[in-house]
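Look at the sequence and the 3D structure below.

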Amino acid sequence: MKKKIKELWIKEEGNALLLVMLLVMCMLMIGGGIAGVASFHMEMSQAYKNTSSLYYAAQSGAEKIVDQLNKRLIEEMPKLMEESSKEAKNEIAPLKPKNLEEFMPSPDYSKLTYNIDPSNSSPYEGEFILLNRYQDLLKEKAIKTITVNTICEPDAVLMEIDYVIKNEKNYSVVHAELKPKIKSGKVEGLKVLSTATLKKEPFSAEIISKIILEGDIVISDLIGHKEFFLEEYRWMDENLIPNTFRSPILTFGDLVITNDAQVIIEGDIRAKGYIPPHKVVRSNGKKVYPELEEYGGIYVSHGGRLTVYGDVITLSNLHTIKKPNDGDTAITVHGDVFANSVVIEDDYPYINSAGKYNTERFLKDRVEGQKINIYGDVYIDNDIAIDRYVKGNGNEADITITGSVFGITNFDIHSSDPDPNKSSGIYAMGENTQISIGKNVFIHGNAFISFDEGENFSALYESVGAPYEEVNSIDAYAFPPDSDPIYLKLFKNSINTNRIRLNLKESAGNYFYAPYMISAMNASDTEGKVYRGNPDPSLENYSPEKIRNHSLFDDPEELKNLFNRGKVDESALGVINSKWNEKIFAGSSYTIKKIISNGLEFLKGEDRTINPYKRNYFIDGITNYDLLSNYRGIQGYMFIKRDIFYKGIDASSADHPLPVEMIFHGDIISNHSDVVNKLQPLDALDPIMGWKEDQPVYIYNSDYYENKELDIGSFYDKRHKPIKTVIIDKGSGTLTLKADTSSKKEFYGLIISNGRVVFDGVEKFTGVMISKGRIKDANGDGMEEQIFTEELAKGAYAGILIKNDLKIEYDPNVFFDIRCQDRSMKRVILDYLGFTNYLGNTSDVVQILKPSIDFENIQKVDFSSKSVIDIKNTQAYKGVRFEMKTLRQIDE
């Protein structure tokens with residue numbers, strides 16, 4: 001066997017075949033391995049391809065959802081942008097409800113800031129910037145556009161898309177859904193779920209592969225945008241107009257109507273008026289008490305006629321004066337009057353500008369043709385009077401008061417130097433003159449007489465009537481201030497009892513009081529009587545008949561409470577005057593009778609439900625009501641009605657303190673140099689720096705002796721319509737408004753003058769006027785000098801002088817209707833009026849809107865719904881867009 005094997009080995013036959021077979025086997029093994037690896041790689045490649053295709057299919061589903069969202073958003077974008085702008089504005093400047101009793105949301109100033117360019121030092125040239133509130137609202141509304149008609153629960157489907165993509169051998173089935181992202185029950189965003197499934201057939205149940213992607217959908221920001229708030233203004237509360245704007249006329253000087261002018265004023269008049277010194281110096285050197293004609297206030301003279309559809313409020317007098325040859329002169333007031341005195345004057349002594357008496361007439365001459373009609377109540381510090389050389393026609397009253405009269409002042413008649421201007425009374429001394437009063441009469445003083453041209457006075461024991469002046473034969477009157485009521489008996493039949501008409505009928509229910517005698521007749525009678533003004537038994541010797549028996553305020557102590565001390569029964573006050581049941585101000589829980597009874601809480605200004613202006617009248621911090629003898633009772637009510645002229649009460653100054661008066665520069669308009677200096681003169685005729693239609697502001701600085709004439713036709717547009725305009729005279733001179741064109745006689749706007757305003761040709765004024773009045777300072781030493789009667793009657797130093805027929809209408813919103821292209825100008829004027837505090841140079845809007853003159857401790861203005869949101873420096877007009885923020889694979 002071994003031999004055969006050896007032979008075979010030696011012969012080597014068949015070796016090649018074997019080797020080939022081995023090589024073939026090896027190659028087959030290697031080829032199979034390579035084929036296996038190749039097959040595996042092909043399968044891996046196909047799987048990756050399928051997965052990648054599925055991912056992109058799912059991604060495309062998410063993108064299609066975003067695309068559909070944006071298509072829908074683009075359609076709605078103009079409306080959304082408008083709504084967002086409006087809502088952003090309304091959050092800062094809420095719309096006023098048509099019904100003032102409806103709730104109005106408070107403005108949210110936290111979303112607004114005031115930016116001042118550091119390179120610009122002016123606090124008035126900044127920009128109001130919204131803190132992306134418009135953008136935030138736009139985003140919220142974009143989401144609401146998608147979710148508006150859907151119940152948004154976490155699993156809610158807001159939008160879905162299905163489609164199929166054909167691959168080489170298979171199909172990718174895509175399903176995408178839009179769902180809300182909810183937090184605390186509120187939709188705060190959107191998300192997308194996109195599923196791609198690989199199948200051999202689109203509707204086959206067999207799934208080869210599947211992928212689910214989840215993505216957050218966000219809304220893009222507006223690129224590089226700024227949200228500017230272009231502000232307009234309005235009153236914070238239309239029921240609480242600031243004190244300076246509560247009437248068409250406010251002057252710290254006189255209001256004078258003269259030169260046959262017929263003037264109609266629709267609204268209140270508030271004129272502080274000139275008040276002469278306690279004693280004036282005559283040309284002969286005598287120091288005497290001034291006559292009533294030597295006061296200013298509201299003076300209608302020399303044929304002028306004034307009709308007021310509102311109240312008249314002055315610290316001085318409401319009076320007429322004329323010369324014998326002048327036309328009829330008259331005053332008609334359809335509201336209440338608060339004044340020192342109400343008087344029809346004669347023209348004697350009519351002290352001229354040189355301080356000398358009128359010598360152009362004889363004492364026998366009489367002045368006729370003067371009337372005063374008042375349809376409301378009259379509250380006076382001093383007198384209602386008709387002067388001695390006035391003549392009436394005897395058939396009708398020269399002064400007619402439909403309402404009641406309250407004269408609050410009672411000077412001690414036994415004083416060593418009695419002041420006749422500190423004792424209230426009602427007197428008709430002119431020939432055939434009459435005073436008619438329709439309702440109650442409460443008078444606290446009496447008449448006085450002087451035999452030495454006003455140096456010394458003695459008392460007459462008459463409070464109402466035509467005081468009997470022929471008492472010089474009685475010894476007591478030879479030694480003023482001595483007096484003696486005996487003349488009431490001696491000359492009883494000589495006392496004129498037909499000058500005062502009162503409604504004395506029991507059925508009328510009227511009430512009367514005077515400390516002394518009342519000479520009057522019943523309105524329907526032809527003869528009068530001398531009555532006792534109160535039940536004082538000591539007066540029975542002079543008249544047995546009391547004017548009317550009643551138990552309300554018929555005692556001297558009760559009258560002191562009613563007039564000056566307060567602490568009276570409110571129900572009794574309501575009986576005396578039903579108008580006292582009305583509220584003192586809109587928004588206050590206090591009635592007028594509450595003020596008269598005890599106005600302490602109102603004066604303190606702590607409770608806004610009582611005093612809606614939160615004005616504290618105690619400037620010294622003392623709030624002891626018992627110290628305020630001058631500010632209680634009816635006098636307290638008069639004080640509040642005149643409070644534009646009074647800063648407050650300094651109860652620490654004296655037992656009976658006088659009120660601290662307002663200072664025009666500082667309390668009414670700003671005296672801050674940085675504010676005043678910003679108001680640079682803008683001449684109406686200057687085409688570059690002056691008045692323009694888009695900047696209707698005229699600023700001037702008149703010299704003391706200057707009379708600057710302005711043609712109001714300069715303030716008209718091309719259609720010949722008046723443009724609402726602000727006129728400011730920073731100087732102390734005169735600004736005369738004229739109308740040189742017959743078709744341009746109306747002025748509409750706001751006038752602020754530190755001097756005098758004269759109307760000479762203008763036929764209609766609508767808006768608000770605020771003036772200081774000219775100060776008589778001929779010596780230039782800053783000391784105010786005495787103004788004489790002639791100067792008062794002619795308005796030489798008036799705050800407002802009207803020399804032609806004029807109608808005045810009140811528009812408290814006139815300043816807000818004036819549109820200034822340069823908003824900084826309006827901001828300066830607001831600071832000048834004390835309504836804002838831009839000068840504080842702050843970005844805090846709340847601080848800016850705090851008044852810089854703050855005797856009324858409330859915000860006065862806020863932003864109007866006429867303001868505009870302006871988006872600048874961006875492509876913001878394209879709005880916002882939905883974007884995919886993240887896309888991630890999740891498990892099923």
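**Two helices in contact**

In α5, the residues Asn561, Leu562, Phe563, Asn564 and Arg565 meet Gly633, Ile634 and Gln635 of α9. Contact here means heavy atoms within 4.5 Å. The model is predicted: local features need pLDDT of at least 70, side-chain atom pairs count only at pLDDT 80 or more, and totals for chains, interfaces and linings use all residues. Residues are numbered from 1 along each chain as its sequence is written, and side-chain values use heavy atoms, with hydrogens and water left out.

- The residues of this α5 and α9 contact divide into three nonpolar, four polar and one charged. Nonpolar covers Ala, Val, Leu, Ile, Met, Phe, Trp, Tyr, Cys and Pro; charged covers Asp, Glu, Lys and Arg; the others, Gly among them, are polar.
- Two packed helices are described by the angle between their axes and the distance between the axes.
- Helix α5 spans residues 556-565 and helix α9 spans residues 633-641; they pack at an angle of about 15°, with axes 3 Å apart. Axes are lines fitted to C-alpha atoms, for helices over the stretch in contact, and angles run from 0 to 180 degrees between N-to-C directions.
- α5 and α9 are therefore roughly parallel. The classes are roughly parallel under 35 degrees, roughly antiparallel over 145, roughly perpendicular from 65 to 115, and oblique for the rest.
- Helices (H or I, at least four residues) and strands (E, at least two) are DSSP runs, numbered from the N terminus.

**Aromatic pairs**

- The structure holds 40 aromatic pairs. Rings of Phe, Tyr and Trp (its six-membered ring) pair if their centres lie within 6.5 Å; planes under 30 degrees apart are stacked, over 60 edge-to-face, and the rest tilted.
- The ring centres of Tyr114 and Tyr838 are 5.5 Å apart and their planes stand at 70°, so this pair is edge-to-face.
- This pair links distant parts of the chain: Tyr114 is in strand β1 (residues 112-115), Tyr838 is in the loop between α14 (823-832) and α15 (845-848), and 724 residues separate them.
- Tyr114 has 2% relative accessibility and counts as buried; Tyr838, at 0%, counts as buried too. Buried means under 20% relative accessible area, exposed over 50%, and partly exposed in between (1.4 Å probe, protein chains only).
- Trp235 and Phe835 have ring centres 5.4 Å apart and planes at 75°, so they also pair edge-to-face.
- Trp235 lies in strand β8 (residues 233-235) and Phe835 in the loop between α14 and α15, 600 residues apart. Trp235 and Phe835 are both buried.
- Ring pairs join Tyr109, Tyr114, Tyr124, Phe128, Phe229, Tyr233, Tyr838 and Phe863 into a cluster.

**Charges over rings**

- The charged end of Lys166 sits over the ring of Tyr171, 5.0 Å from its centre. This requires NZ of Lys or CZ of Arg within 6 Å of the ring centre and within 35 degrees of the ring normal.
- The charged end of Arg774 sits over the ring of Tyr704, 4.8 Å from its centre.

**Helix α14**

- α14 is mostly covered, with nine of its ten residues buried.
- Gly834 follows α14 and has a positive phi, near 80°.

- Thr197 belongs to strand β5 (residues 186-199). Thr197 counts as buried at 8% relative accessibility.
- Leaving out residues up to four places away in sequence, Thr197 touches Leu54, Tyr171, Ser172, Val173, Ile207, Ser209 and Lys210.
- Asn358 sits in the loop between β21 (341-344) and β22 (370-374). Asn358 counts as buried at 13% relative accessibility.
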